[in-house]
Amino acid sequence: MKIAIKKMIETSLIDWEGKIVSTLYLPRCNFRCPFCYNCDLILYPDHFKNIPLEEINKFLLERKEFIDGICMSGGEPTLYADLPSYFKEIKNKGFLIKLDTNGTNPKLLEDLLKLRLIDYIAMDIKSSLDFDCYSKAAGIKDKILLERVKDSITLIMNSGIDYEFRTTVVPVLHTEENIIEIAKYISGAKKYVLQNFSPLERTLNPSFQKIKPYSVEKIQEFVEKVKRYIPNCYSR
């Protein structure tokens with residue numbers, strides 16, 4: 001597949017801490033997380049028009065004085081084989097690049113790191129790293145995908161660049177035990193963010209909109225327990 005950007009947040013102050021970026025969204029994903037907020041982009045990508053790359057480039061260059069770079073999100077960006085060439089084009093214009101990923105393509109991730117085409121990685125860890133839990137949280141049936149996720153975690157932690165791992169915490173999918181198991185697996189990571197599930201957004205599985213999220217206090221309890229393994233842990 002060739003890159004086809006479907007959505008763009010022109011100016012974001014929240015997608016990369018300390019940076020001002022334009023956030024770009026690619027369609028399609030190899031996961032089917034029931035709590036996914038970008039479900040239309042995943043299920044009905046052809047309902048969205050492509051945003052011409054020339055238009056995006058023009059926007060970025062005209063605002064180069066205050067936009068630090070881009071955040072590439074989705075969907076799953078690493079499904080696109082031409083991602084490195086697009087990132088090289090963005091880099092050559094003097095912009096920083098953050099990549100959001102589910103970690104299922106460690107080979108492409110390794111290529112991006114070797115070519116120094118990314119400055120920050122945010123990788124979602126959907127649940128504790130056993131297949132039963134992960135398959136429920138990510139909607140997958142292929143054990144190979146989970147092994148690739150594990151490979152990406154190792155790769156990112158040894159990459160030398162800034163990164164964060166993050167988990168969207170959903171009561172029917174995550175217990176305190178799940179969260180602690182993730183923390184143990186990525187013990188010593190630079191940053192781990194717990195994102196409280198919001199039923200206010202449209203979800204891939206409509207029944208998830210009826211789920212009551214954990215209280216802010218409960219999420220903070222998780223954070224404090226995770227800090228035993230990852231001191232730089234907080235909620236978002």
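Which strand holds the place of Gln195? Gln195 sits in strand β7, where helices (H or I, at least four residues) and strands (E, at least two) are DSSP runs numbered from the N terminus. This is a predicted model, in which local features need pLDDT of at least 70 and side-chain atom pairs count only at pLDDT 80 or more, while totals for chains, interfaces and linings use all residues. Residues are numbered from 1 along each chain as its sequence is written, and side-chain values use heavy atoms, with hydrogens and water left out.

**Largest pocket**

- The largest pocket holds about 970 Å³ of space.
- A pocket here is an open set of points on a 1 Å grid over the protein atoms alone, where a 1.4 Å probe fits, with protein on both sides within 12 Å along at least five of seven lines.
- Its volume is the space filled by probe spheres set on the points, which are joined across faces, edges and corners.
- The lining has 37 residues, a lining residue being one with an atom within 4 Å of a point.
- Tyr37, Asn38, Asp124, Arg166 and Gln195 lie nearest the pocket centre.
- Two or more lining residues come from each of β1 (7-12), β2 (21-25), β3 (69-73), β4 (96-101), β6 (162-169) and β7 (192-196).
- β6 gives the most, with four residues.
- By class, the lining divides into 14 nonpolar, twelve polar and eleven charged residues.
- Nonpolar covers Ala, Val, Leu, Ile, Met, Phe, Trp, Tyr, Cys and Pro; charged covers Asp, Glu, Lys and Arg; the others, Gly among them, are polar.

**Gln195**

- Gln195 is buried, at 17% relative accessible area.
- The classes are buried (under 20%), exposed (over 50%) and partly exposed (in between), with a 1.4 Å probe and protein chains only.
- The Gln195 side chain makes a polar contact with the side chain of Arg236 at 3.5 Å.
- A polar contact is a pair of N or O atoms within 3.5 Å; within protein, one must be able to donate a hydrogen and the other to accept it, and residues adjacent in sequence count only if both atoms are side-chain atoms.

**Salt bridges**

- The count comes to 21 salt bridges, each being a side-chain nitrogen of Lys or Arg within 4 Å of a carboxyl oxygen of Asp or Glu.
- Lys191 and Glu164 pair at 3.9 Å, N to O.
- Lys191 lies in the loop between α7 (176-185) and β7, and Glu164 in strand β6, so this pair ties together parts 27 residues apart in sequence.
- Lys191 and Glu164 are both buried.
- Shared partners join Glu17, Glu164, Lys191 and Arg236 into one salt-bridge network.
- Glu147 and Lys150 pair with their closest N and O atoms 3.5 Å apart.
- Both lie in helix α6 (residues 143-157), three residues apart, about one turn of the helix.
- Glu147 is partly exposed, at 42% relative accessibility.
- Lys93 pairs with Glu89, the closest N and O atoms being 3.5 Å apart.
- Glu89 is partly exposed, with a relative accessible area of 31%.

**Loop between β3 and α3**

- Glu76 is found in the loop between β3 and α3 (83-92).
- Glu76 is buried yet has no salt bridge; Lys126, the nearest side chain of opposite charge, is 7.5 Å away.
- For charge, Lys and Arg count as positive and Asp and Glu as negative; His and the chain ends are not counted.
- The Glu76 side chain makes a polar contact with the side chain of Thr101 at 2.8 Å.
- The side chain of Glu76 also reaches the backbone nitrogen of Asn102 at 2.7 Å.
- Leu79 is found in the loop between β3 and α3 and is partly exposed at 28% relative accessibility.
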